[in-house]
Amino acid sequence: MINSVFGYSPLLIALVTLLTPLASAVVIALFLRRAGGIASLVSTLTAAVVAAGGLSLAFSGARFGVNELQQAEWLHLGSFTLSLGIKFDDLSALMISIVGVVGLCVHVFSLGYMHDDEAKARYFGGLSIFMFSMLGIVLADNLFMIFIFWELVGFSSYVLINHYHQKQSAADASKKAFIANRVGDFGFLLGIIACYYAFGTVNLTEIGTVAAGGVSANVIALLLFCGAVGKSAQVPLHVWLPDAMEGPTPVSALIHAATMVAAGIFMLCRIEPLFAASPIALDVVTWIGAATALYAALCAITQSDIKKVLAYSTLSQLGYMVAAFGLGRLDVVPEGASGSLTFITAGAGAAMFHLTTHAFFKALMFLGSGSVIHGCHHEQNIFKMGGLWKKMPLTFITFTLGVLAIIGMPGLAGFFSKDAILYLAMENNTPVFVILAISAVLTAFYMVRLWKLVFIGAPRSDEASHAHEGGISMTLPLIVLAVLSVVGGWATIFGGKLSIYGDKFAQIFSQIPEAHGADHMTILIVSIIVMTLGAGAALLFYKSESTDTLAAKAPTAFCSLNCLQGSFDTIYNGYVAKVQQPFAKALDLTERILISGLIIRGLAGVTGLVGLGARALHTGSLHTYVYWFLGGAAILWAFAGGWIN
Amino acid sequence: MTVGINEYLYLSAILFAIGFFGVLLRKNTLVIYMCLELMLVASTVALVAFSHFNQTMDGNVFVFFILTVAAAEVAVGLAIIVALFRRRQTIQVEELNALKN
């Protein structure tokens, strides 16, 4: 137990790390809205503070809020108390390091990429509020607090996707992202309430204690999983992520590839004791993950927008992580041993490991694509690029490293984490293993296709032939992330001697499934075959042309892949047009007749009638009034005399 | 014939009825006003009669109050009628129907 980091208490450092981005967002929103230059510096400085704070906490080994609670009461509602607290274990330490490093890289990259943007202040303010929200999720010690920051992340994502709000497509995309997330969040909220109802607590540590007793909680686990389905864009709520590419490219790198969408996986790992005792929920999670991995990989093949390819690739990799989580781990915890707090059944180790490496190489590739888009004067169509390796050598080298990492080139980050997942699947669930292996082939296929079309051959447009490398602020993050994409996977090889993580995240990395002996050979061979198959096919198949080779040679396959990609949107649009809209109209009609018709207009009508009658009494003639007076006096007299009771 | 309380009350009732029907039926505001005064006076007759036959001063005291209030009322009422006439050139009630609608 470490009680001080650089002489300060770890709790204080955690609070500073959490609140600095909030302060930055507030300052930018209140004072710096017209001063984009200063706002960008403030925000980037904040990201540096976050990275420094997060890394110093994570690597000093300070862990708190695990056994003893670090929380403050926030809200009393009857017998229910809502606390805000911090839980900083190995999981959140790993996550805060990723968010800090990737966040800083993206901020620095944005300095260059967004240099000429008119609404720079809003953009950097959005980044700051996003950092705050994300750190809140990472540090939260109970589900309600996670939910609060979860929604804040949704809000900041909305702001950032909608950055180019003059564009109708960007406005639609941000709305779509928000609504799709709401659907998942509804399930998440129900899950939290069900959790409180069933266990009487939403504190993560206490849930762990309760769940360690072997309580089966399939329904609660699945409801909570809904939140992850929305945020981590799993089938069937994945539709928002490809559209979210309407936002600025660094945003796509930070939010829609490396951190926010990973929040779903992180949240699953947070509540994994719940899943540990819920085999049905784990099966559902596995299959949804596998389905997403395969579906998104298929969709990625036909995309012509550089960011869309990366978006579907992100979906596919997220599917990998979710599937890995659901697959569980290799050795089953014996019955008697389930009393201990640290027992882990779900495949959190493999999922978090892949999350880590994926964050590095996907952020690298997104920033690389940002560099390409910036260099080509905002041309995003890969068929209008080509030959960029000569014009943008640094982007080319780093992007190539990213591609090699994601397709699983031995020695690079993606190789280790993907192998861990494939091995887990091979041992536990053969059909899922086959699906994941096919997705891996497809991943290699579409990534190499992208790489070849963008960088190899001759330039196919004026923009591409005049492409140029961005400034230092755009190349530096690429280099940092490229290095991390190479070494990020060396967590456990050679007994962890080469690991950049040291032994700081032992709780997570000790859970990474490792193949030994014959299994090791098998998985290595499978993995290399998968990679060469996909990459080789793409290299041979695609020509450096301005049309899609697949569309030219096999139009049927191309069309069916396109239909597959659009199928969910078609179904949802059909549902909205055929089911939801008539239902809304029926509701509207009922409202018009019953509420505004009968109740509101009815009340007004009755009042009006009474008024009409009362008005008739006023004739304006003095004599009529005297008669009314006489009548009144007669009735009063009758009362007084007792003739009327 | 002796004049008892009944005779006073008959007189009072007759005067009151004359005043009341005057208010109901006459069209001239001034006449209506005089009829109102007649009703007040009719009630004071009854009060004085009660006071006399009960050997108390209550009724008499009441009458003083009523006369005082009536005098004040006349001052205000006549002023209103004069002002009304100046403005509208009439004091016939059927033409004074500005309250209608």
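**Entry 1. A:Ser527**

I began with A:Ser527, which lies in helix H23 (residues 518-541) of chain A; helices (H or I, at least four residues) and strands (E, at least two) are DSSP runs, numbered from the N terminus. The model I am reading is predicted: local features need pLDDT of at least 70, side-chain atom pairs count only at pLDDT 80 or more, and totals for chains, interfaces and linings use all residues. Residues are numbered from 1 along each chain as its sequence is written, while chains are lettered from A and ligands numbered from 1 in the order in which they are written.

Is A:Ser527 buried or exposed? I found 22 other C-beta atoms within 10 Å of A:Ser527, so A:Ser527 is buried. The cut-offs are these: a residue is buried if 20 or more other C-beta atoms lie within 10 Å of its own, exposed if 12 or fewer, and partly exposed in between, with C-beta atoms placed from the backbone.

I then listed the contacts of A:Ser527, leaving aside its neighbours within four places in sequence: A:Gly408, A:Phe415, A:Lys418, A:Asp419 and A:Leu422. Two residues are in contact if their C-beta atoms, placed from the backbone, lie within 7 Å. I also checked A:Ile407, which is 120 residues from A:Ser527 along the chain; their C-alpha atoms are separated by 9.4 Å.

**Entry 2. Chain A as a whole**

I counted 26 helices and 2 strands in chain A. The C-alpha trace of chain A spans about 115 × 65 × 50 Å along its principal axes. Chain A has 645 residues, of which 51% count as buried. Of the contacts in chain A between residues at least 6 apart in sequence, 81% join residues at least 24 apart.

**Entry 3. A:Val285 and helix H13**

I located A:Val285 in helix H13 of chain A. A:Val285 is buried, because 29 other C-beta atoms lie within 10 Å. Beyond its neighbours within four places in sequence, A:Val285 is in contact with A:Phe225, A:Val322, A:Phe325 and A:Gly326. For A:Val285 and A:Phe325 I noted a C-alpha to C-alpha distance of 7.6 Å, at a separation of 40 residues in sequence.

Next I looked at the packing of H13 (residues 279-300) with helix H19 (residues 430-455) of chain A: their axes come within 9 Å and cross at roughly 25°. Axes are lines fitted to C-alpha atoms, for helices over the stretch in contact, and angles run from 0 to 180 degrees between N-to-C directions. H13(A) and H19(A) are therefore roughly parallel to each other. Angles under 35 degrees count as roughly parallel, over 145 as roughly antiparallel, 65 to 115 as roughly perpendicular and the rest as oblique.

Which residues make the contact of H13(A) with H19(A)? From H13(A) I recorded A:Thr286, A:Ala290, A:Ala293, A:Leu294, A:Ala297, A:Leu298 and A:Ala300. From H19(A) I recorded A:Val432, A:Ile435, A:Leu436, A:Ile438, A:Ser439, A:Leu442, A:Thr443 and A:Tyr446. By class, this contact of H13(A) with H19(A) has 12 nonpolar, 3 polar and no charged residues. Ala, Val, Leu, Ile, Met, Phe, Trp, Tyr, Cys and Pro count as nonpolar, Asp, Glu, Lys and Arg as charged, and the others, Gly among them, as polar.

**Entry 4. Helices H10 and H11**

In chain A, helix H10 (residues 249-258) and helix H11 (residues 260-270) pack at an angle of about 20°, with their axes 3 Å apart. H10(A) and H11(A) are therefore roughly parallel to each other. The contact is made by A:Ile255, A:His256, A:Ala257 and A:Ala258 of H10(A) and by A:Met260, A:Val261 and A:Ala262 of H11(A).

**Entry 5. Backbone exceptions**

Most residues other than glycine have a negative phi, and most peptide bonds are trans. I found a cis peptide bond joining A:Val235 and A:Pro236, with omega about 10°. A:Pro236 is in the loop between helix H8 (218-231) and helix H9 (240-243) of chain A.

A:Ala233 is also placed in the loop between H8 and H9 of chain A, and its phi is near 55°, a positive value in a residue other than glycine. With 29 C-beta neighbours inside 10 Å, A:Ala233 counts as buried.

B:Gln89 is in the segment after helix H3 (58-88) of chain B. B:Gln89 has 8 other C-beta atoms within 10 Å and is therefore exposed.

**Entry 6. The two chains and confidence**

How many residues of chain A are in contact with chain B? I counted 7 residues of chain A in contact with 9 residues of chain B. The side of chain A that touches chain B divides into 2 nonpolar, 5 polar and no charged residues.

Chain B averages a pLDDT of 89, and 96% of the residues score at least 70; pLDDT is the predictor's confidence in each residue, from 0 to 100. For the complex, the predictor gives an ipTM of 0.74 and a pTM of 0.80.
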